[in-house]
Amino acid sequence: MSDAKLLKTKVTAVVDPIEERRKLISKEFSNCTYYISIDENFLNQIDAGIICTPPNTHVDLASVLLKYNKHVLVEKPLADSLAGVN
């Protein structure tokens, strides 16, 4: 991806179940909608997702995003076991 495309990238929605973290994140991004969980409204707002959660949630969250044809970046490790990766 070119630097020009990255400059056009915008955070439009964030999901975090913990209110304190949502408030902290809201200070970093303007015009961003915050959600407690992934729902259809959230999925309709995004083109891609970055998963930065505990490893035991990575596969389930990535699966939801992929089911809705979203681009996904998952922080390491993909899963907490080889079975999870499979």
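What share of the contacts in the chain between residues at least 6 apart in sequence join residues at least 24 apart? The share is 22%. The points below concern a predicted model.

1. Overall architecture. The chain holds five helices and four strands. Read along the sequence, these elements follow the pattern α-β-α-β-α-β-α-β-α. Taken along the principal axes, the C-alpha atoms fill a box of roughly 40 × 35 × 25 Å. Of the 86 residues, 19% count as buried.

2. Nonpolar core. Eight residues make up the largest nonpolar core: Ala13, Tyr35, Phe42, Leu43, Ile46, Ile51, Ala62 and Leu65. At least two residues of this core come from each of helix 3 and helix 4. As a general background, nonpolar side chains tend to be buried together in soluble globular proteins. Leucine 43, a member of the core, touches Ile38, Val64, Leu65, Tyr68 and Lys70 when residues up to four places away in sequence are not counted.

3. Aromatic pair. A search of the whole structure returns one aromatic pair. The partners are tyrosine 35 and phenylalanine 42, with ring centres 5.6 Å apart and an angle of 70° between the planes. The arrangement is classed as edge-to-face because the angle is over 60 degrees. Tyrosine 35 has a relative accessible area of 12% and phenylalanine 42 one of 8%; both residues are therefore buried, the criterion being under 20%. Both also belong to the largest nonpolar core.

4. Largest pocket. The volume of the largest pocket is about 1,100 Å³. Its lining comprises 34 residues, and those nearest the pocket centre are Ala13, Phe42, Ala48, Gly49 and Ile50. Two or more lining residues are given by each of helix 1 (3-7), strand 1 (13-15), helix 2 (19-26), helix 3 (40-45), strand 3 (48-51), helix 4 (55-67) and strand 4 (71-74). Strand 3 provides the largest share, with four residues. By class, the lining has 22 nonpolar, seven polar and five charged residues.

5. Alanine 48. Alanine 48 and glycine 84 are 36 residues apart in sequence, and their C-alpha atoms are 22 Å apart in space.

6. Backbone features. For reference, most residues other than glycine have a negative phi, and most peptide bonds are trans. The peptide bond from lysine 76 to proline 77 is cis, with omega near -10°. Proline 77 lies in the loop between strand 4 and helix 5 (82-85). At asparagine 69, phi is near 60°, a positive value in a residue other than glycine. Asparagine 69 sits in the loop between helix 4 and strand 4, and counts as exposed because its relative accessibility is 69%, over the 50% limit.

Notes
Residues are numbered from 1 along each chain as its sequence is written. This is a predicted model: local features need pLDDT of at least 70, side-chain atom pairs count only at pLDDT 80 or more; totals for chains, interfaces and linings use all residues. Side-chain values use heavy atoms; hydrogens and water are left out. Rings of Phe, Tyr and Trp (its six-membered ring) pair if their centres lie within 6.5 Å; planes under 30 degrees apart count as stacked, over 60 as edge-to-face and the rest as tilted. Buried means under 20% relative accessible area, exposed over 50%, partly exposed in between (1.4 Å probe, protein chains only). On a 1 Å grid over the protein atoms alone, a cavity is a set of points where a 1.4 Å probe fits but cannot get out, and a pocket is an open set with protein on both sides within 12 Å along at least five of seven lines; lining residues have an atom within 4 Å of a point. Grid points are joined across faces, edges and corners, and a volume is the space filled by probe spheres set on the points. Ala, Val, Leu, Ile, Met, Phe, Trp, Tyr, Cys and Pro count as nonpolar, Asp, Glu, Lys and Arg as charged, and the others, Gly among them, as polar. A nonpolar core is a set of buried Ala, Val, Leu, Ile, Met, Phe, Trp, Tyr and Cys residues joined through side-chain atoms within 4.5 Å. Contact means heavy atoms within 4.5 Å.
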